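User: Hi! Could you walk me through this model, starting with how the helices pack?

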Amino acid sequence: MKLNNYKFFEQNWSAIAVATLVLCVFLTIASPAFMSFANMQSVLVQASVTAIMAVGMTYIIIGGGIDISIGAILFFISSVFAELFVATGSYPLALGVSLITGVLLGAVNGFLAIKFKVTPLITTLATYTIYRGMAIHLTGAQNIPVPREIGYLGNGSFLGIPVPILLMVLVTILGVYLIQKTRFGLYLRAVGSSEESAHESSLPIMRVTVLAYLIGGLTAALAGLILIARVGGLQSDIGIGLEFTVIAAVILGGTKLSGGSGSILGSVIGAIFLVLIDNGLNMLNASPYVYDTVRGIVLLVAVIVDRLSEVRKSRELIKNSAMKMRGTTS
Amino acid sequence: MLRPFKGKVMNIKKRISGVLFVVATLLLSSVSTSALAKKIRIGLAVDQLFESRVAENNAIKVAAEKLGFEVIEVVADGDAQTQNAQIQSLVVQRVDAILVCAVDQNTIERALMRAKRARIPVIAYDRALPDSRTVAAFVGPDSISDGFEAGKYMAEQLKGIEGKVQVLELLGALNDQNGIDRSKGFNKALNALPNVEIISVPTDWDSAKALAATENAFQANPNIKAIFAATDTQIPAIETVLSNLNKAHKVGQDGHIVVTGVNGSNDGYAATVSGFADGIVVMDLTNIGEKSVQLAAALIRGESVGKHNVVPGQFYSHDNIVENKADIWGAN
């Protein structure tokens with residue numbers, strides 16, 4: 001079997017997977033501590049928050065949208081959880097209300113974006129300000145400690161596997177299933193490819209779009225609950241700039257900003273890749289002043305690799321089509 | 001028949017005119033009083049809201065209230081352009097002085113120039129603006145001293161250990177003068193021990209990044225003996241990591257990892273009380289707030305003031321932090 005024909009290289013996420021592998025090989029050679037079980041586990045736990053949010057963001061981008069308020073949703077949900085838990089002492093109540101609130105905030109974003117036909121970037125920029133402002137108002141910008149005992153989502157383990165990793169795997173499997181095996185996934189890709197064609201085909205554009213944003217809100221809420229459990233409490237800078245890390249993970253994973261296609265698995269690998277950069281710099285005891293430069297260079301290389309693989313795939317497609325045409329005409 | 005009625009009408013007229021005279025006199029006197037004693041208004045341009053900034057702003061407001069000043073507070077939410085516009089609006093409102101905690105010096109310099117042209121004195125608080133041509137004075141924490149005190153205590157705890165001693169330093173943001181100065185002071189104190197190797201990692205003041213950095217540092221260097229957090233709000237994240245590694249031993253226990261930090265938040269206080277952390281340097285935010293307002297008052301009066309005013313913090317250890325709870329701004 002020729003390597004060129006192997007299915008792996010036809011996947012959206014093949015470029016980021018290769019880049020991740022290359023980075024791992026380099027770090028294994030450069031630092032003996034890198035390829036240990038404990039460090040790999042640590043990398044996956046660290047990636048869980050970004051990866052879970054990246055799954056939600058992938059749905060939104062595939063559907064032709066974008067949500068830059070997810071960091072603010074994460075902060076707002078964390079605030080609701082912390083305040084409610086402190087007020088009532090009930091973990092299930094705080095957890096339930098927080099997740100439902102995440103769903104509602106996501107749905108509001110989707111509804112506003114589709115109903116009023118305002119660019120999602122602008123809509124979610126507005127809701128970003130509203131959600132963050134509401135959270136600051138709710139907490140008075142104060143830190144709220146969360147007891148370590150209730151931090152199961154962030155610090156617990158099940159059958160020896162850290163809960164954040166299990167949740168990341170679960171969300172990824174559900175994410176892949178929803179996008180590949182359900183009518184919702186099919187409709188979402190159709191809406192993202194061409195809203196006009198989707199409208200002509202009488203697809204439920206409103207329902208599909210709101211559902212994608214709703215998933216984005218839910219994953220941000222879940223990520224927020226993991227994060228405050230790990231950090232040990234609510235702090236007013238939680239989630240700032242996280243939306244850009246999440247979008248970077250999604251784009252690195254092979255999802256196109258123009259919508260219509262993308263890969264859940266690629267987004268998760270993208271999130272792991274981003275964590276690996278910082279992990280590697282820590283492992284190599286790098287100077288703190290080189291972090292941003294190295295991050296930038298590695299990201300640039302990954303994007304170029306992705307672009308080159310796209311070009312190669314397009315050429316393959318043209319070549320195959322030409323061969324097929326030649327076959328039918330002869 | 002008509003005479004007594006006429007007399008009554010005259011009396012009523014007299015009374016009404018008397019009341020009107022009193023009312024008019026009162027109104028005129030109140031107008032002239034307010035015109036003569038115009039309330040002094042201070043514009044407070046805040047970078048963004050978080051725990052220590054809120055405490056600092058509250059100290060400023062209390063000090064201003066004592067002097068009878070009015071405070072107009074604007075918050076930029078970390079956006080330099082927003083802060084630029086907010087400062088311009090304070091200039092348009094003709095406030096008597098502006099206290100600014102800058103998001104970014106270069107972006108707001110233009111707005112500060114307008115303030116200068118309008119003869120409104122500008123005082124930078126908490127974050128110095130060393131290259132600004134407009135700021136009349138700075139008042140803030142003595143971050144070099146704060147970092148040094150945390151490092152000095154740590155050095156005392158580590159001095160008996162032989163061989164290479166690895167210390168993890170969780171830096172603040174690399175473009176933040178307070179973070180840079182805390183690191184300078186901390187490194188200076190640790191220089192007293194020749195066998196110490198400092199592993200410095202940037203965190204951008206972000207606890208999630210501090211958590212990941214601590215995890216990674218312990219994977220690469222499992223024998224780290226001490227951790228310095230540029231802000232004590234990161235200590236709970238450090239505790240998460242050390243608990244997961246079964247290294248969260250209290251002060252005095254075998255295998256205890258020395259933890260110090262700077263700030264004075266409840267996170268740092270609680271960790272020091274519990275014995276997870278050895279101690280924290282507490283910033284004197286009340287003093288910083290009071291000094292800011294005093295400088296503003298002096299500049300409004302046209303007096304000259306010192307350009308650089310810093311207030312050192314106080315180190316409290318596990319042994320004495322509870323008895324000094326009243327002096328720790330974040331303790332609750």
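**Helix packing, a sheet and some loops**

Analyst: Happy to. In chain A, the axes of helix 11 of chain A (residues 242-252) and helix 12 of chain A (residues 264-283) cross at roughly 120° and come within 7 Å. Axes here are lines fitted to C-alpha atoms, for helices over the stretch in contact, and angles run from 0 to 180 degrees between N-to-C directions. Helices (H or I, at least four residues) and strands (E, at least two) are DSSP runs, numbered from the N terminus. This is a predicted model, so local features need pLDDT of at least 70 and side-chain atom pairs count only at pLDDT 80 or more, while totals for chains, interfaces and linings use all residues. Residues are numbered from 1 along each chain as its sequence is written, chains are lettered from A and ligands numbered from 1 in the order in which they are written, and side-chain values use heavy atoms, leaving out hydrogens and water.

User: So how are helix 11 of chain A and helix 12 of chain A placed to each other?

Analyst: They are oblique to each other. Angles under 35 degrees count as roughly parallel, over 145 as roughly antiparallel, 65 to 115 as roughly perpendicular and the rest as oblique.

User: And which residues of helix 11 of chain A and helix 12 of chain A make the contact?

Analyst: Helix 11 of chain A brings A:Thr245, A:Ala248, A:Ala249, A:Val250 and A:Leu252, and helix 12 of chain A brings A:Gly266, A:Ser267, A:Gly270, A:Ala271, A:Phe273 and A:Leu274. Contact means heavy atoms within 4.5 Å. By class, the contact of helix 11 of chain A with helix 12 of chain A has 7 nonpolar, 4 polar and no charged residues. Ala, Val, Leu, Ile, Met, Phe, Trp, Tyr, Cys and Pro count as nonpolar, Asp, Glu, Lys and Arg as charged, and the others, Gly among them, as polar.

User: What about helix 7 of chain A and helix 8 of chain A, at what angle do they pack?

Analyst: Helix 7 of chain A (residues 163-181) and helix 8 of chain A (residues 183-193) pack at about 70°, with their axes 5 Å apart. That makes them roughly perpendicular to each other. Their contact includes A:Leu178 and A:Lys181 of helix 7 of chain A, and A:Phe184 and A:Arg189 of helix 8 of chain A. The class count there is 5 nonpolar, 2 polar and 3 charged.

User: Switching to chain B: what is the strand order in the open sheet?

Analyst: The order is 7-6-8-9-10-12, 6 strands with mixed pairing. Strand 7 (196-202) and strand 12 (314-317) of chain B are the edges, each pairing on one side only. Two strands pair if DSSP finds at least two bridges between them. The twist averages 15° from one strand to the next.

User: How many bridges join strand 6 of chain B and strand 7 of chain B?

Analyst: There are 7, in the parallel sense. In one of them, B:Glu169 has B:Ser200 of strand 7 of chain B as its partner. Helix 7 of chain B (residues 207-220) packs on the sheet, touching strand 6, strand 7 and strand 8 (226-229) of chain B.

User: Last one, where is A:Ser202, and is it buried or exposed?

Analyst: A:Ser202 is in the loop between helix 9 (195-200) and helix 10 (205-231) of chain A. Its phi is near 60°, a positive value in a residue other than glycine. A:Ser202 is exposed, with a relative accessible area of 63%; buried means under 20%, exposed over 50% and partly exposed in between, with a 1.4 Å probe and protein chains only.
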